[in-house]
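Morning, everyone, and thanks for coming. Have a look at the structure on the screen, and I'll talk you through it.

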Amino acid sequence: MTRFLVRAAVLLTALGTLATGSAQAAGLERLYILNCGEGVAGDISRWSPGVNVGQSMPFVDNCSLLKHAQGWLLWDTGVPDAIAAVPDGQQPADPKATHWYRPQTLASQLAALGVKPADIQFVAVSHTHGDHIGNVELFPQAMLLVQQAEYAWPSPNNTPRFKPEHPVMKLDGDKDVFGDGSVTILATPGHTPGHQSLLVKMPKTGALVLSGDAVHFQANWDNRRFPANNVDAEQTKASMERIAGILAKEQATLWINHDKAQRDRLTMAPGFYE
Ligand SMILES: [Zn+2]
């Protein structure tokens with residue numbers, strides 16, 4: 001009897017592992033991290049009011065390219081490729097903000113991987129700040145995945161945030177992109193009205209949450225700090241707690257988009273995660 005119970009337990013465990021494994025592996029095959037900008041923040045307290053006032057800090061900007069059996073998805077598009085041709089980079093209007101450089105274009109990094117812009121099926125952007133939407137129109141045919149709240153957010157000069165003719169799926173909350181649970185857009189508003197993050201479940205690497213700008217760097221995550229100019233402080237705090245809950249539930253790792261120290265430890269394209 002005992003032996004039977006042990007065997008049954010082993011079988012059930014194996015079935016459970018299989019079920020979990022197949023859900024995680026589904027169709028997601030690879031994730032490439034692309035260099036979508038490097039810069040220097042003039043005064044880091046812009047992102048952590050009252051803390052480290054007057055100190056500058058290096059920033060990075062990532063894009064992530066996901067290869068799924070059903071197609072390619074690009075997460076964020078980074079600083080505009082045109083900045084790569086400007087030796088002095090993109091000087092911010094406010095000297096406390098980030099001075100961005102583009103060591104490599106997005107287009108050249110895709111070409112090096114043998115991926116044509118027309119191959120990209122989905123472009124999802126975390127939000128509509130310039131260091132995230134700089135190259136959306138490199139992919140005029142790609143389906144944009146963006147929150148309705150972000151799409152409709154009036155811009156300072158009242159021009160549309162995206163070209164009206166660009167194909168778009170306007171979201172109202174989370175979205176399981178490929179229907180297999182491997183790539184899920186998470187609504188994490190606060191930094192902007194329709195800010196979103198991305199939960200990916202890799203077959204070998206495991207679960208990751210790509211932050212977008214729900215948080216800007218590790219110290220801000222550890223201390224739950226955020227910039228004064230986030231559009232909604234309460235939503236920002238709630239979104240950070242939401243992400244913390246998902247990290248615990250999914251045993252996921254948080255990849256913080258602008259955190260240089262973290263990116264320095266990660267494998268950039270042409271290397272990849274699977
Ligand atoms: Zn940003």
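Predicted model: local features only at pLDDT ≥ 70, side-chain atom pairs only at ≥ 80, totals over all residues.

Residues are numbered from 1 along each chain as its sequence is written, and side-chain values use heavy atoms, with hydrogens and water left out.

So, which residues coordinate the zinc ion? They are Asp131 and Asp213, each through OD, and His132 and His258, each through NE2, at 2.1 to 2.2 Å. A donor here is an N, O or S atom within 2.8 Å of the metal (3.2 Å for Na, K and Ca), and since water is not among the atoms, sites may look incomplete. The arrangement is irregular because the 4 donor atoms subtend angles of 88 to 169 degrees around the zinc ion. For reference, four donors count as tetrahedral if all angles lie between 85 and 135 degrees; four count as square planar and six as octahedral if opposite donors are over 155 degrees apart and all others between 65 and 115; anything else is irregular.

Along the sequence, the donor spacing reads D-H-x80-D-x44-H. Helices (H or I, at least four residues) and strands (E, at least two) are DSSP runs, numbered from the N terminus. Both of these residues, Asp213 and His258, are buried, meaning under 20% relative accessible area, where exposed is over 50% and partly exposed is in between (1.4 Å probe, protein chains only).

Now the sheets. Two strands pair if DSSP finds at least two bridges between them. Within it, β3 and β5 pair in the parallel sense over 4 bridges, and Leu74 stands opposite Val123 in β5.

There is also an open sheet of 5 strands, again with mixed pairing, in the order β8-β9-β10-β11-β12. Let's follow β10 through it. On one side, β9 and β10 run antiparallel, joined by 5 bridges, with Ala187 opposite Gln196 and Leu186 opposite Ser197. β10 also pairs with β11 in the antiparallel sense over 5 bridges, and a hairpin of 3 residues connects β10 to β11.

Is β10 buried or exposed? It is mostly covered, with 7 of its 7 residues buried. Gln196, Leu198, Val200 and Met202 lie on one side, and Ser197, Leu199 and Lys201 on the other.

That brings us to the cores. A nonpolar core is a set of buried Ala, Val, Leu, Ile, Met, Phe, Trp, Tyr and Cys residues joined through side-chain atoms within 4.5 Å. In the largest one, with 22 residues, Leu31, Leu73, Val183 and Leu198 touch the most other members. Elements giving two or more residues to this core include β1 (28-41), β3 (71-75) and β10 (196-202). A second, separate core of 20 residues includes Leu34, Val123, Val125 and Tyr151.
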